[in-house]
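Hi everyone, thanks for coming. I'd like to walk you through one model today, so let's bring it up.

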Amino acid sequence: MTTHGETAATSTLDAHMHRACSLQEGIAEFYDQSSGLWEDIWGDHMHHGFYDPDSNVSGSDHPAAQIRMIEESLRFAGITDDPAKQPKTIVDVGCGIGGSSRYLARKFGAECRGITLSPVQAGRANVLAKYEGLADKVSFQVADALKQPFPDGQFDLVWSMESGEHMPDKAKFVNELARVAAPGGTIIIVTWCHRDLGPSEEDLEPWEKKLLNRICNAYYLPEWCSTSDYVKLLQSLSLQDIKAADWSERVAPFWPAVICSAFTWKGFISLLRSGLKAIKGALVMPLMIQGYQKGVIKFAIITCRKPE
């Protein structure tokens, strides 16, 4: 006989699973629609650029800044150009259309696997890998970052460039990153976070939560977490050499540039072709700037190493 408590627990679990599935479907559809738009205007790197503070940048500077973001992330994590210490196997968790994967494969001569929820992204990433002569080094597939289709300890470098914000279960996400990392492997998480709470705070201010919720609804994001939350999760797994930094000032020119590009004639036409989800995302872009300017949103890098 099923008790009232068991029925309630089952209903709660079913509701949670339904929300998770709806979120995954929303993410996949959003990137199915918007990835072509992004590639048309910005190229194959679907992430922020890294800029010098208070720099005056032109449109031609942004692709170089996106490459610099990759290089600065590697440098922060302590990955050098020493051939003996370079990663030979890499997983790109939330790979977009594979820009980071292909860059890292070329840089290190490594084999790279990329996963995304978007079939359109995975297909386009494989086409680009073949076109660039990297099909023997790089491959992409549709897969869930919370249930990665890889054995334990497979990758020297676990790379997550702006995908963590989409994960509904941050603890499970971090656990999967650690699981697939090889002993001695490096984990790099670059992600949007909300600000760290003060010692006397239990939650964000109501206006801050309202702002983040509006962004979540447009970009299919679950509840946000802070940089310190990520650090605590990594510590709970006994990972080593944990480091974190706030790079918000380093990405400040990015969102104004994205807005400007979206409202050029080329951007406007591409936006109309991309569908309602992409248009909705474009209209919310100013809120990202507002969040950064008011210190609610932080652009963070968190790195660590798995014990050998």
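In which strand does His-194 lie? His-194 lies in strand β5, where a strand is a DSSP run of E of at least two residues, a helix is a run of H or I of at least four, and both are numbered from the N terminus.

A word on the source: this is a predicted model, where local features need pLDDT of at least 70 and side-chain atom pairs count only at pLDDT 80 or more, while totals for chains, interfaces and linings use all residues. Residues are numbered from 1 along each chain as its sequence is written, and side-chain values use heavy atoms, leaving out hydrogens and water.

Back to our histidine. His-194 counts as buried because its relative accessibility is 9%, and buried means under 20% relative accessible area with a 1.4 Å probe, protein chains only. Beyond its neighbours within four places in sequence, His-194 is in contact with residues including Leu-204, Trp-224 and Lys-298; contact means heavy atoms within 4.5 Å.

Now the sheet. It is open and mixed, with 7 strands in the order β3-β2-β1-β4-β5-β7-β6; two strands pair if DSSP finds at least two bridges between them. β3 (138–142) and β6 (240–246) each have a single partner strand, so one side of each lacks a neighbour in the sheet.

Strands β4 (155–161) and β5 (181–194) pair in the parallel sense over 6 bridges, and Val-158 has Ile-187 in β5 as its bridge partner. Helix α7 (227–236) packs on the sheet, touching β5, β6 and β7. Its direction makes about 15° with that of β7, using axes fitted to C-alpha atoms, for helices over the stretch in contact, with angles from 0 to 180 degrees between N-to-C directions.

Notes:
Buried means under 20% relative accessible area, exposed over 50%, partly exposed in between (1.4 Å probe, protein chains only).
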